Amino acid sequence: MRDSFLVNGVAFKKTFSYAGFEQQPKKFHNPKILLLNIELELKSEKENAEIRLSDPLQYQSIVDAEWNIIYDKLDKCVKSGAKIVLSRLAIGDLATQYFADRDIFCAGRVAEDDLHRVAAATGGTVQTSVNNVIDEVLGTCDVFEEKQVGNERFNIFSGCPSGQTATIVLRGGADQFIEEAERSLHDAIMIVRRAMKNSTVVAGGGAIDMEISRYLWQHARNIAGKSQLFINAFAKALEVIPRQLCDNAGFDATDVLNKLRQKHALPSGEGSLYGVDINTGGICDSFANFVWEPALVKINAINAATEAACLVLSVDETVKNPKSESAQGDAAGMGRGRGGGMRGRGMRRR
């Protein structure tokens with residue numbers, strides 16, 4: 001996993017290569033990049049045409065014409081001044097060797113998404129013809145390098161002038177480790193993205209949940225009637241967040257929650273930013289330790305959880321447990337069998 005790295009640009013896995021590929025240069029500084037969507041091999045010259053020859057000697061001229069067409073395409077690619085040629089379609093062994101002899105790097109069968117990413121980052125334009133290739137359609141970057149990463153090789157374009165593009169190459173011992181690292185990175189990037197768009201943040205690690213819970217406990221004391229029970233239940237439910245954090249980290253949730261309650265109950269309010277410290281198994285100032293959460297995300301999470309609870313309660317105000325009902329049915333059947341004339345009554349929990 002330590003071989004993972006960040007590329008300030010675009011990187012994609014090396015594609016299928018033909019003979020002569022190893023003779024090509026593997027590193028360029030400020031190269032021109034030609035992006036194509038055509039085949040550069042002999043089998044690409046296919047037309048539904050019929051040629052009738054009156055003289056067998058004319059057959060050679062037809063073969064030579066086919067070779068002249070492919071050589072003309074390759075020559076135009078070289079004259080464009082490009083040092084890197086990428087194509088979405090195949091680049092055959094003839095073209096690969098032709099480019100290698102002229103110190104040009106080429107890669108065929110590049111995935112369409114990768115080709116568009118390179119075009120957006122380098123400022124190039126994908127061409128469907130090699131005729132009239134001008135400098136405006138060529139891309140560029142500071143450094144191009146083909147790098148060996150484990151058993152794979154990557155084509156890396158760094159220092160791209162157009163667009164702020166970055167690529168993260170992940171490595172791991174097994175697929176599940178790579179997938180877990182990808183999920184963790186995605187969560188972190190999305191949180192930073194949300195924080196950039198909405199600059200309001202709150203203390204994480206369960207600190208904001210405990211502070212809201214404390215506020216609701218105090219607010220409930222000023223309300224008479226059954227409404228006080230509802231607010232207390234809501235306040236207790238918020239403590240599930242720090243409790244789950246402790247359970248996930250393998251710490252004693254009861255001990256940590258008691259410490260958090262004591263800190264958040266201080267009249268001076270100095271403990272309002274304290275949350276779970278998963279490094280030591282105790283509590284710490286989450287805000288001072290840079291454990292933050294975007295306020296918008298927290299508000300949406302609380303709203304969604306509240307709406308879900310209200311939806312469950314609104315369904316006839318009943319939550320049924322099939323296992324409990326079957327157990328009650330068995331008990332009622334046993335009662336009828338033992339008591340003779342006893343009549344079992346169904347029970348419903350509200």
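**Stop one: a ring pair**

Start by selecting Trp292, which is partly exposed at 39% relative accessibility (buried means under 20% relative accessible area, exposed over 50%, partly exposed in between, with a 1.4 Å probe and protein chains only). Before going further: this is a predicted model, where local features need pLDDT of at least 70, side-chain atom pairs count only at pLDDT 80 or more, and totals for chains, interfaces and linings use all residues. Residues are numbered from 1 along each chain as its sequence is written, and side-chain values use heavy atoms, with hydrogens and water left out.

A pair of aromatic rings is described by the distance of the centres and the angle of the planes. For Phe290 and Trp292 that gives a tilted pair, 5.8 Å centre to centre with 55 degrees between the planes. Here, rings of Phe, Tyr and Trp (its six-membered ring) pair if their centres lie within 6.5 Å; planes under 30 degrees apart count as stacked, over 60 as edge-to-face and the rest as tilted.

How many aromatic pairs does the structure hold? There are ten. Select Phe12, Phe21, Phe28, Phe105, Phe144 and Phe157 together, and you'll have a cluster linked by ring pairs.

**Stop two: a strand and its partners**

Four of the five residues of E4 are buried, so the strand is largely enclosed by the rest of the structure.

Who pairs with E4? Two strands pair if DSSP finds at least two bridges between them. Strand E5 (residues 84-87) runs parallel to E4, with four bridges, and Leu36 has Ser87 as its bridge partner there.

Select Cys141, which counts as buried at 1% relative accessibility. Cys141 is in no disulfide, and the nearest cysteine sulfur, that of Cys160, is 5.4 Å away. A disulfide is a pair of cysteine sulfur atoms within 2.5 Å, and the structure holds zero of them. Cys246 is buried as well, at 0% relative accessibility.

**Last stop: helix H4**

Finish on residues 175-197, helix H4.

Notes:
Helices (H or I, at least four residues) and strands (E, at least two) are DSSP runs, numbered from the N terminus.
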